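This report walks through selected parts of one protein chain. Please look at the sequence and the structure before reading on.

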Amino acid sequence: MKLFFDPDLLIEESDDGKVWIYSSGNHKWLKGNSAVKILVKTIAQNSGIVDFEKIKSEFIDHRPKLSDEEIKQAIDDMVKAEIFFYRKANLEESIQQFKREYQIQKSQPPKIAYLHPTHRCNFHCWYCYNAKITKDKSNELSTNDWIKSIEKLEQIGIKKFVITGGEPLLREDLYEILKRTKTTTISYELLTNGSLFNEENFWKLNSVIDRFVISLDSLDKEIQGRNRGIKYFNHILKNIEMFSKYFPEKLWIRSIITSDNINDIERTRRELRERYNISNYVATIFLPNSYEQIPSMPDIKKLIKIENEHISEETFLNYGPNYKLKCGGGTSIIAIDAKGDIYPCQNFIEETQFKISNVLNDNWYDELMDSPIRERFRKLSVNEKEICKECPYRYLCGGGCPAISWRVYKRLDAFLPFLCEYLRNDARRRLMHSSTVKVR
C-alpha cells in the first residue's frame with residue numbers, strides 16, 4: 001500500500017505530549033498522541049509506503065501489540081482527515097480545492113465597516129497609525145449624513161460596525177447617530193481612549209453599544225505616559241471602575257506592546273482581573289508605520305517567550321480546521337473616513353491611491369464592487385509572496401498585514417522580516433490550541 005501526502009507535512013508536539021499533524025498544502029490538520037506521531041513519521045520517512053512490519057517494529061514496546069487491522073483503521077482515519085490519500089489525484093484535488101476556498105469570491109459583499117465619525121483626538125500617541133491624518137472638523141459628515149450612511153451600509157448586509165477615529169466621543173452627536181440607526185441585528189463596537197465618559201453619556205452609550213474597547217497600555221501611570229501620555233489617566237481608571245461595577249462583560253482593554261511596556265503586560269492583565277473584575281484583555285504588538293519605526297518594536301524573542309508562557313488556550317478556541325488568515329481589506333472589511341470616503345481598511349485612510357468611492361454617492365456600492373482597488377486586495381495571496389509562499393505555516397500566518405507592508409516598503413505584498421519570527425510562532429500556537437479532528 002502506498003499513501004500520498006503533502007511534502008510539507010508538519011508534526012508539532014507540546015510539552016505534555018499532545019501531537020498535531022498539519023498538512024499545509026490543503027490546510028488540514030488533526031490532533032493525536034505519540035502513537036499517531038510515530039505512525040505518521042514512519043510512513044512519511046518511507047515515502048508513503050505502508051510497511052506493516054516496519055510500523056509494528058516502531059511500536060515494539062506497545063502493549064498490546066498493534067495488529068494490521070488497527071494500523072489500517074488509523075490510516076483510514078487520517079485519510080478521512082485528508083492528511084494521507086490513497087490516490088495522488090485526490091491529494092492534488094484537495095490542494096486545489098483549498099486554493100479555491102482561500103480566494104475570496106468577487107461577489108462577496110463587505111461584512112464589517114470601520115466608521116470614523118471624526119479624526120480629531122485629544123491624545124497624541126506616538127505610535128498611532130492615524131497620527132498624520134487631517135483633523136479638520138469642518139469636513140466631517142453631519143449627523144444626518146452619518147445616519148444615512150449607516151442605513152446604506154446596513155442595506156447591503158453589513159451588521160457589524162466598529163466606531164473608531166480619532167476619538168469618537170469628541171462627536172457630541174455620537175449617541176444620537178447610533179440611537180437612530182440601532183436595530184436588533186446591528187452590532188456596534190466602540191474603540192476609545194476612555195477619557196471622555198461621564199455620568200450621562202456612560203448610560204446612554206451603554207444602551208446602544210454592544211462592546212467597548214478602551215486603549216490602555218499600562219495601569220502604571222509612568223509607563224502609560226511613555227506610550228500615550230498621562231493626561232486623563234486617573235479619569236480613565238475611574239471610568240474602568242464604572243464598567244467594572246455595571247457592565248464588566250461589555251468592556252475590553254487593549255494594550256499596544258512596545259519596548260516601554262513589554263515587561264508590564266502580564267501585570268496589567270492580572271491587575272485588571274483582580275482589581276477591576278475585567279477579564280477581557282488583549283495585547284497586540286506595535287506595528288511600525290514606517291521603515292524608521294522598526295527599531296521601536298519590542299524585543300521579539302522576549303515577547304514570544306511571554307506569550308508562550310501566558311497566553312491561554314481559550315484565546316484560540318475559535319480557530320478550527322477551516323480557519324485561515326487572509327487580508328479582508330476591501331472585501332469583507334471596509335473603512336469609512338470622517339468625510340464619507342471609502343477605503344479598503346482603516347490603515348489606508350487618506351492614501352489617495354486607495355480611495356474607492358464615497359458612501360454618499362448614489363452608485364457607491366457599484367463603485368465598490370467594481371473597484372480595481374478592491375480587486376487588487378481580493379487577489380492578494382500568501383502564495384504569491386516571496387519567502388512566505390515556501391513556508392508550511394503560510395495559511396495559518398497569512399504573511400503579515402498588507403497595510404504594514406505598504407507603510408514600510410510601499411508594496412502590498414512585501415515579505416516582513418522584522419515580523420516573521422513572531423508571526424510564525426503565533427501560527428504555531430494557533431495550530432496547537434485550535435479545535436480540530438482527533439485521532440486516537
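Glu-82 has a relative accessible area of 26%, so Glu-82 counts as partly exposed. The model discussed here is a predicted one. Glu-82 sits in the loop that runs between α3 and α4 (88-102). Although Glu-82 is not a glycine, its phi is positive, at about 60 degrees.

Tyr-232 also belongs to a loop, the one between α8 and α9. Its phi is near 70 degrees, a positive value in a residue other than glycine. With 28% relative accessibility, Tyr-232 counts as partly exposed.

## The nine-stranded sheet

An open sheet of nine strands has mixed pairing, and its strand order is β9-β8-β7-β6-β5-β4-β10-β11-β12. The strands at the edges are β9 (281-285) and β12 (357-358); each has a single partner strand, so one side of each has no neighbour in the sheet. Helix α10 (residues 265-276) packs on the sheet and touches β8 (251-257) and β9. The direction of α10 makes about 165 degrees with that of β9.

Strand β11 (residues 341-343) and β12 run antiparallel and are joined by two bridges. Ile-342 has Ser-357 in β12 as its bridge partner.

## Strands β5 and β6

Strand β5 (residues 160-163) pairs with β6 in the parallel sense, over four bridges. Five of the six residues of β6 are buried, so that this strand is mostly covered. In a regular strand, side chains alternate between the two faces of the sheet.

Glu-189 is a residue of strand β6 (residues 187-192). Is Glu-189 buried or exposed? Its relative accessible area is 10%, and Glu-189 is therefore buried. Glu-189 is the bridge partner of Val-162. Apart from neighbours within four places in sequence, Glu-189 is in contact with Lys-160, Phe-161, Val-162, Ile-163, Arg-211 and Val-213.

The loop between β5 and α6 (174-181) holds Gly-166. The peptide bond from Gly-165 to Gly-166 is cis, and its omega is near 10 degrees.

## Two helix pairs

Two packed helices are described by the angle between their axes and the distance between the axes. Helix α1 (residues 34-45) packs with helix α3 (residues 68-80) at an angle of about 85 degrees, and their axes are 11 Å apart. Angles of 65 to 115 degrees count as roughly perpendicular, and α1 and α3 are therefore roughly perpendicular to each other. Val-36, Leu-39, Val-40 and Ile-43 in α1 meet Ile-71, Ala-74, Ile-75 and Met-78 in α3. By class, the residues of this contact are eight nonpolar, no polar and no charged.

Helix α11 (residues 300-310) and helix α16 (residues 420-432) have axes that come within 10 Å and cross at roughly 15 degrees. Angles under 35 degrees count as roughly parallel, and α11 and α16 are therefore roughly parallel to each other. Their crossing is right-handed. On the α11 side, the contact involves Ile-300, Lys-301, Leu-303, Ile-304, Glu-307 and Asn-308. These residues meet Glu-421, Tyr-422, Asn-425 and Arg-429 in α16. The contact of α11 with α16 divides into four nonpolar, two polar and four charged residues.

Which residues does Gly-25 contact, leaving aside its neighbours within four places in sequence? They are Asp-6, Ile-95, Phe-98, Arg-394 and Tyr-395. Gly-25 lies in the loop between β2 (19-23) and β3 (28-32), and at 4% relative accessibility it counts as buried. Gly-25 and Leu-91 are 66 residues apart along the chain, and their C-alpha atoms are separated by 9.2 Å.

Gln-224 is in helix α8 (residues 221-228). Its relative accessibility is 1%, so Gln-224 counts as buried. Setting aside neighbours within four places in sequence, Gln-224 is in contact with Leu-216, Asp-217, Ser-218, Gly-229 and Phe-233. Phe-247 is in the loop between α9 (233-246) and β8. At 18% relative accessibility, Phe-247 counts as buried, because buried means under 20% relative accessible area. Beyond its neighbours within four places in sequence, Phe-247 is in contact with Phe-202, Trp-203, Asn-206 and Met-242. From C-alpha to C-alpha, Phe-247 and Phe-212 are 9.8 Å apart in space, and 35 residues apart in sequence.

Terms used: Residues are numbered from 1 along each chain as its sequence is written. This is a predicted model: local features need pLDDT of at least 70, side-chain atom pairs count only at pLDDT 80 or more; totals for chains, interfaces and linings use all residues. Side-chain values use heavy atoms; hydrogens and water are left out. Axes are lines fitted to C-alpha atoms, for helices over the stretch in contact, and angles run from 0 to 180 degrees between N-to-C directions. Angles under 35 degrees count as roughly parallel, over 145 as roughly antiparallel, 65 to 115 as roughly perpendicular and the rest as oblique. A crossing is left-handed if the near helix is turned anticlockwise from the far one by less than a right angle, and right-handed if clockwise. Contact means heavy atoms within 4.5 Å. Ala, Val, Leu, Ile, Met, Phe, Trp, Tyr, Cys and Pro count as nonpolar, Asp, Glu, Lys and Arg as charged, and the others, Gly among them, as polar. Two strands pair if DSSP finds at least two bridges between them. Buried means under 20% relative accessible area, exposed over 50%, partly exposed in between (1.4 Å probe, protein chains only).
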